[in-house]
Amino acid sequence: MQNAKGELPAASPEIAKVTLGWFSGTMDGLPVQESVKKLSELEHIFLDEAARSHMDQDQEVYRVCWWSPVSPGVEGGLFWGVTTLRPGKVGDEYFMTHGHSHANRSRAEYYTPVSGRGLLIRMDERRLTWAEEMAPGTLHYLNGENAHRVVNTGNEPLIFWACWCSDAGYDYGAIRERGFGVRVMERDGQPVVIPYE
Ligand code: S6P
Ligand code: ZN
């Protein structure tokens with residue numbers, strides 16, 4: 001809104017500093033944070049731990065860039081981020097995110113991919129697990145009660161944007177210990193969702 005002199009007010013610091021590369025999955029700006037997940041940090045996440053341990057431990061599997069306009073844990077705020085999940089496999093199992101539930105189970109999240117293809121694995125509190133196709137244009141509403149993991153089943157990076165509550169938090173423990181109820185493996189060149197306990 002302009003003032004009486006026709007001038008626009010100075011933008012708030014939060015609004016001014018972040019710009020997106022929508023299809024390349026980039027975020028630029030001073031408050032943007034980034035975390036890189038390498039194979040070395042995904043011990044015992046893939047079925048074939050021996051195969052993982054013999055691969056280049058510095059190999060990047062995925063990275064997340066995000067903007068926290070408010071501090072984590074603050075009620076009522078939203079975070080915005082992008083994950084770039086590389087193509088690849090550990091043994092016959094496709095590269096995937098660690099996976100987590102939200103520490104605050106009432107906090108939901110949106111995912112929407114812009115490049116690549118894959119599967120969104122979701123699991124409820126009874127370990128009932130299912131997969132949803134991810135491709136540019138699909139929109140996924142994750143209620144906070146479902147654990148979620150993304151699998152890249154293609155040959156190019158899978159890039160998806162996400163928006164989640166600032167007080168959602170992360171719960172990685174259950175996934176680290178028991179994983180999900182399925183794994184996504186390559187069989188005859190195709191991704192297959194296999195029940196796993
Ligand atoms: C946060 C949201 C994503 C994931 C990211 C990496 O709620 O779901 O930003 O953090 O895709 O996955 P993970 O399982 O390593 O956190
Ligand atoms: Zn999440």
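Mentor: Start with a term we will need throughout. A residue is called buried when its relative accessible area is under 20%, exposed when that value is over 50%, and partly exposed in between. Arginine 52 shows how the term works. Its relative accessible area is 3%, so arginine 52 is buried. Keep in mind that this is a predicted model.

The protein chain has three helices and 15 strands. Its C-alpha trace spans about 70 × 35 × 30 Å along the principal axes. Of the 197 residues in the chain, 44% are buried.

Next, the part you asked about. The space that ligand 1 takes up is the largest pocket. Around ligand 1 there are 15 residues, and Tyr62, Gly99, Glu109, Tyr111 and Tyr172 come nearest. By class, this shell has seven nonpolar residues, seven polar ones and one charged one.

Look at the polar side chains facing the ligand's oxygen atoms. Histidine 102 has a polar side-chain atom 3.3 Å from an oxygen atom of ligand 1. For glutamate 109, a polar side-chain atom lies 2.8 Å from an oxygen atom of the ligand. Threonine 83 also places a polar side-chain atom 2.8 Å from a ligand oxygen atom. How much of ligand 1 does the protein bury? Taken alone, ligand 1 exposes 390 Å², and the protein buries 96% of that.

Stay with threonine 83 for a moment. Threonine 83 lies in strand E5, residues 78-85. Its relative accessible area is 9%, which is under the 20% limit, so threonine 83 is buried. Tryptophan 161 is 78 residues away along the chain, yet the two C-alpha atoms are separated by 6.5 Å.

Now step away from the ligand. Return to arginine 52, which sits in helix H2, residues 49-54.

Arginine 122 is found in strand E9. With a relative accessible area of 7%, arginine 122 is buried too. Its side chain has two polar partners to trace. One is the backbone oxygen of tyrosine 141, reached at 3.2 Å. Another is the side chain of asparagine 146, joined to that of arginine 122 by a polar contact of 2.9 Å.

Follow strand E9 onward to a loop. Arginine 127 lies in the loop between strand E9 (118-123) and strand E10 (129-134). Check its backbone. Most residues other than glycine have a negative phi. Arginine 127 is not a glycine, but its phi is positive, about 70°.

Aspartate 188 lies between strand E14 (182-187) and strand E15 (190-195). Aspartate 188 has a positive phi of about 50°, and it is not a glycine either. Its relative accessibility is 83%, over the 50% limit, so aspartate 188 counts as exposed.

Strand E15 itself holds proline 191. At 35% relative accessibility, proline 191 is partly exposed. Asparagine 152 is 39 residues from proline 191 in sequence, and their C-alpha atoms are 9.7 Å apart in space.

Finish with serine 24. Serine 24 lies in the loop between strand E1 (19-21) and strand E2 (26-28). Its relative accessible area is 47%, so serine 24 falls in the partly exposed class. The side chain of serine 24 makes a polar contact of 3.2 Å with the side chain of threonine 26. Serine 24 and valine 82 are 58 residues apart along the chain, and their C-alpha atoms are separated by 9.9 Å.

Terms used
Residues are numbered from 1 along each chain as its sequence is written. Chains are lettered from A and ligands numbered from 1 in the order in which they are written. This is a predicted model: local features need pLDDT of at least 70, side-chain atom pairs count only at pLDDT 80 or more; totals for chains, interfaces and linings use all residues. Side-chain values use heavy atoms; hydrogens and water are left out. A residue is near a molecule or strand if one of its heavy atoms lies within 4 Å of it. A polar contact is a pair of N or O atoms within 3.5 Å; within protein, one must be able to donate a hydrogen and the other to accept it, and residues adjacent in sequence count only if both atoms are side-chain atoms. Accessible areas come from the Shrake-Rupley method with a 1.4 Å probe; for residues, only the protein chains shown count as cover. On a 1 Å grid over the protein atoms alone, a cavity is a set of points where a 1.4 Å probe fits but cannot get out, and a pocket is an open set with protein on both sides within 12 Å along at least five of seven lines; lining residues have an atom within 4 Å of a point. A molecule sits in a cavity or pocket if more than half of its atoms lie within 2 Å of its grid points. Ala, Val, Leu, Ile, Met, Phe, Trp, Tyr, Cys and Pro count as nonpolar, Asp, Glu, Lys and Arg as charged, and the others, Gly among them, as polar. Helices (H or I, at least four residues) and strands (E, at least two) are DSSP runs, numbered from the N terminus. Buried means under 20% relative accessible area, exposed over 50%, partly exposed in between (1.4 Å probe, protein chains only).
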